[in-house]
Each structure stands twice: as C-alpha cells, then as structure tokens.
Amino acid sequence: MATEISVDGQGLSDRLAALALIGEIEGTDGACRLALTDDDRAGRDLVVTWMRDLGMEISIDGIGNVVGTMAGAEPGPPVMCGSHIDTVRTGGRYDGNLGVLAGLQVVEAVQRAGITTRRPLAVGFFTDEEGSRFPPDMLGSLVYTGELPLEEALDIVGADGAVVGEELDRIGYRGPAPCPSPPPHAFVELHIEQGPILDTEDVVIGVVTGVQGISWTEITVAGQSNHAGTTPMAMRHDAGWAATRIAVFVHELATEFGPRRSAPWAGWSFTPIW
C-alpha cells in the first residue's frame with residue numbers, strides 16, 4: 001500500500017532563507033559565498049548541522065565534497081540528490097542551494113512518514129561548482145567522478161592567489177573519503193532554470209534532457225598600427241574590424257542552428273593586436 005508523503009514547503013523556504021543570510025548581499029535577496037571562503041565554511045557548517053539533525057551519516061572527501069546518507073533497508077549505492085552551495089559574487093538564494101536543501105526536505109518527509117526506503121538516500125553538495133574563485137567550474141564534481149585527479153585539483157591557484165588544498169585545510173573541509181567516489185545508484189538534481197524559456201512559455205516545471213556544450217576558443221587577430229588620418233582604407237590592417245566581423249559571423253552561425261542556441265559570446269575571447 002502506498003504511503004502519502006508531504007514535503008514541508010515552508011520548511012524548505014526557511015532553510016533557503018537561513019542559508020542566504022550567510023554572505024548576504026545588502027539590499028538584495030542574494031548572497032556571496034565564494035568557494036572555500038569563510039562564508040562558504042559557515043554555509044557548509046549550517047547544512048552539515050541540518051544533515052546531522054536528520055541522523056544522516058556525513059562523508060567528506062579529499063576535495064571537500066560533502067555527502068549525507070540515510071540508511072535504507074538494503075545496503076548498496078544510494079539514490080542521491082544534490083548540487084552546490086557556493087555562489088558567484090552576486091548569487092541568488094536558489095541557485096544550487098535549492099537542489100541541496102530540497103533533498104534534505106525529502107529525507108525529512110520520508111522520516112516523518114515512518115518509511116524505510118529500500119535503497120539509502122543521500123544528499124550531497126560539491127566544492128567550487130561555480131568556478132568563480134578556482135577554475136574550472138564543477139571542480140568538485142570532476143574530482144568526484146574521477147575526471148580530474150585529486151592531486152591536480154588541490155594545486156589549483158584561484159583568482160585571488162589562494163590554493164585549493166591550503167584553503168580546504170584552513171576551513172577544515174579536506175576530508176578522508178577517497179576520490180573518485182563510488183557512483184550512486186541514481187542521481188537527481190532540482191535546479192532553477194536560470195533562463196527565460198519556462199517563464200515566457202508559462203510552464204511551471206520542466207525535465208532537463210540536455211545541457212549546453214561549452215568550447216572555449218581564444219583568437220588573436222594581428223593588425224598594423226598606422227595613422228588614422230593619412231592611411232587610406234585600402235591600405236589599413238585593422239585588427240578590431242576583423243575581430244568584429246568574426247564575432248558577427250559566429251552570432252549568425254549560431255542563429256542558423258535554431259532558436260534554442262545560447263549566445264556564442266560565452267565561448268569566445270578576442271584579443272585584437274594593433
């Protein structure tokens with residue numbers, strides 16, 4: 001017989017609001033918790049406290065990824081949900097945080113209903129998913145899955161000169177769990193869309209079937225500096241003009257592939273040399 005489970009929406013809102021107070025940006029609903037800063041540590045401590053309040057077993061790996069697990073009736077890989085709690089410099093209170101805290105609300109709802117799930121349930125948050133302080137983005141996920149060696153990740157230097165491994169030690173989140181980590185049985189993430197499509201089409205919620213593929217391309221256009229008043233147009237070698245023509249071409253190429261394509265500027269860096 002199916003048991004009805006009700007998730008406490010107000011409890012989720014309260015947790016989101018409490019987390020947003022850490023690193024809050026005055027005059028806005030947002031927050032700034034760059035990865036491995038003091039504010040990030042305070043946010044981590046709060047979420048870990050909520051995990052412990054739910055009786056979850058806490059695991060922290062070598063890159064600082066945190067996973068809380070509630071045991072199931074059978075041992076084995078968990079059904080896992082999660083995201084990140086680090087932010088960009090002007091982050092909103094939902095981006096990433098919703099995917100983590102919603103998972104905690106589900107665990108709480110299951111416990112209140114007196115249900116023991118067949119598989120364990122896990123909630124995780126990953127280190128430096130935004131990549132605003134340390135490149136690349138999704139750093140914790142890359143190490144978690146084995147796509148980036150832990151030793152290489154620990155040596156990454158951030159935009160402010162800080163080193164990942166040193167900052168993990170400083171805030172106390174360099175854990176003993178191995179990397180890469182064992183894969184979960186299944187993973188689901190609740191995430192804000194960060195785009196206008198659902199809103200403009202008046203759709204409440206959608207299921208993601210694919211995400212963007214990013215290709216970072218740096219182009220150097222070499223020109224020749226010359227006097228603007230005496231150099232005829234036919235004899236000029238204008239790097240800025242050439243760079244703008246390339247930019248226009250890339251934009252037109254993206255629109256030819258269809259209306260769902262993102263603006264191409266994110267993957268292009270132009271350096272005109274005069």
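These questions and answers walk through charges, cysteines and a surface patch in a predicted model.

The model is predicted, so local features need pLDDT of at least 70 and side-chain atom pairs pLDDT 80 or more, while totals for chains, interfaces and linings use all residues. Residues are numbered from 1 along each chain as its sequence is written, and side-chain values use heavy atoms, without hydrogens and water.

Trainee: How many salt bridges are there?
Mentor: Side chains of opposite charge can pair when their charged atoms come close. A salt bridge here is a side-chain nitrogen of Lys or Arg within 4 Å of a carboxyl oxygen of Asp or Glu. By this rule the count is 11.

Trainee: How many residues apart are R170 and D38?
Mentor: Their side chains meet in a salt bridge at 2.6 Å, N to O. R170 sits in helix α6 (residues 164–171) and D38 in helix α2 (residues 38–53). Helices are DSSP runs of H or I, at least four residues, and strands are runs of E, at least two, numbered from the N terminus. The pair links distant parts of the chain, and the separation is 132 residues.

Trainee: Is R133 buried or exposed?
Mentor: R133 forms a salt bridge with E167 (2.9 Å, N to O). Buried means under 20% relative accessible area, exposed over 50%, and partly exposed in between (1.4 Å probe, protein chains only). R133 has a relative accessible area of 8%, so it is buried.

Trainee: Which side chain of opposite charge is nearest to D128?
Mentor: D128 lies in the loop between β4 (121–125) and α4 (139–145). Lys and Arg count as positive, Asp and Glu as negative; His and the chain ends are not counted. D128 is buried and has no salt bridge. At 7.7 Å, the nearest side chain of opposite charge is R133.

Trainee: How many disulfides are there?
Mentor: A disulfide is a pair of cysteine sulfur atoms within 2.5 Å. For C81, the nearest cysteine sulfur is that of C179, 20 Å away. C81 is in no disulfide. The count comes to 0.

Trainee: What is the area of the nonpolar surface patch made by I5, V7 and V106?
Mentor: Patch residues have over 30% relative accessible area and no salt bridge; like charges are joined within 9 Å, nonpolar side chains (Val, Leu, Ile, Met, Phe, Trp, Tyr) within 5 Å. V7 has a relative accessible area of 44%. Accessible areas come from the Shrake-Rupley method with a 1.4 Å probe; for residues, only the protein chains shown count as cover. The patch made by I5, V7 and V106 is about 220 Å².
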